[in-house]
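Subject: Structure for you to look at

Dear colleague,

I am passing on the structure we spoke about, with notes on what was found in it.

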Amino acid sequence: MRRARFRAGADGRDPKALADALLFLLASLRGSIFIYQGEELGLPQADVPFERLRDPEAIANWPRTLGRDGARTPMPWIASAPHAGFSSAEPWLPIDPAHLALAVDRQESDPHSTLQVARRALDLRRLYPALRIGDMTMIDAPAPLLVFQRGDGRDAMLCAFNLGKETVRWRPPAGWRIVDSLNLDANNTETMAPLSVILAQTA
């Protein structure tokens, strides 16, 4: 098992922007959503040395497969605390040093952090009923855009994601107003940059 942003494949894309876009995508999809611990921080896959592995599959197949341990290391709460504030005792799996810069206390005060993006995405899902209970209709759009509509009528939401590496010429058609976005150029009303997101509601 690998964390979502690594399953999607960074492929030269900005890792933080990809993590943020995937959180907005998750919050926009139909059905119950689940955020695996650490996804809301944008944690990378942890590097767990062989002697610290606990996953039987990973141990048996090492080094051919990664196993699950790299995605289930302790949550880093306080960067400067022992074991990143997860526990006063040695945790079952080690803290990856790369996770310390992404600890909760480091992200709390940054309005652009992945943690704050996750909170925004969940707030939007609570605020707009269409994102929770609306039907989902796919909308034709140029590749690599993913565009769909949630719900219908006055409460409908249009959700657009450029998950590719190139800028694409697209913006919501007339009758829609943007209520939130990620990585969108406010000075360019014609295109969506790589890893940009648009959530729009009927005007």
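This is a predicted model: local features need pLDDT of at least 70, side-chain atom pairs count only at pLDDT 80 or more; totals for chains, interfaces and linings use all residues.

The buried residues of α5 are T114, L115, Q116, V117, A118, A121, L124 and R125, and what covers them includes helices α2, α4 and α6 together with strands β5 and β7.

Strand β3, residues 157–162, is mostly covered, with six of its six residues buried. Both of its faces are covered, M157, C159 and F161 lying on one side and L158, A160 and N162 on the other. Strand β2, residues 145–150, runs antiparallel to β3 and is joined to it by six bridges, and within this pairing L146 has F161 of β3 as its bridge partner. The two strands β2 and β3 form a hairpin with six residues between them, and in that turn G151 has a positive phi of about 70°. Strand β3 also pairs with β7, residues 197–202, again in the antiparallel sense and over five bridges, with L158 standing opposite A200 in β7.

Next come the charged pairs. Side chains of opposite charge can pair when their charged atoms come close. A search of the whole structure finds nine salt bridges, and three of them are described here, beginning with the one between D20 and K16, where the closest N and O atoms are 2.4 Å apart. Both residues lie in helix α2, four residues apart, which is about one turn of the helix. D20 counts as buried because its relative accessible area is 5%, whereas K16, with a relative accessible area of 34%, is partly exposed.

A salt bridge also joins R72 to D69, with 2.9 Å between the closest N and O atoms. Here D69 is buried, with a relative accessible area of 0%, while R72 is partly exposed at 26% relative accessibility.

R169 lies in strand β4 and E190 in the loop between β5 and β6, so the pair ties together parts that are 21 residues apart in sequence. R169 counts as exposed, at 62% relative accessibility, and E190 is partly exposed, with a relative accessible area of 39%.

Which residues form a nonpolar patch on the surface? The patch is made by F50, I59 and W62, which together have about 300 Å² of accessible area. Of these, I59 is found in helix α3, residues 56–61, and it counts as partly exposed, at 37% relative accessibility. W62 has a further feature, in that the peptide bond from W62 to P63 is cis, with omega near 5°, and P63 has its place in the loop between α3 and α4. The loop between α3 and α4 is also where A71 is placed, and A71 is buried, with a relative accessible area of 1%. A71 and R54 are 17 residues apart in sequence and 12 Å apart in space, C-alpha to C-alpha.

The peptide bond from A143 to P144 is cis, with omega near 5°, and P144 is found in the loop between β1 and β2. In the loop between β5 and β6 you will find N183, whose phi is near 55°, a positive value in a residue other than glycine, and N183 is partly exposed, with a relative accessible area of 42%. L195, which is not a glycine, has a positive phi of about 60°. The place of L195 is in the loop between β6 and β7, and L195 counts as buried, at 3% relative accessibility.

With best wishes

Key
Residues are numbered from 1 along each chain as its sequence is written. Side-chain values use heavy atoms; hydrogens and water are left out. Patches are made of residues with over 30% relative accessible area and no salt bridge: like charges are joined within 9 Å, nonpolar side chains (Val, Leu, Ile, Met, Phe, Trp, Tyr) within 5 Å. Accessible areas come from the Shrake-Rupley method with a 1.4 Å probe; for residues, only the protein chains shown count as cover. A salt bridge is a side-chain nitrogen of Lys or Arg within 4 Å of a carboxyl oxygen of Asp or Glu. Buried means under 20% relative accessible area, exposed over 50%, partly exposed in between (1.4 Å probe, protein chains only). Two strands pair if DSSP finds at least two bridges between them. Contact means heavy atoms within 4.5 Å.
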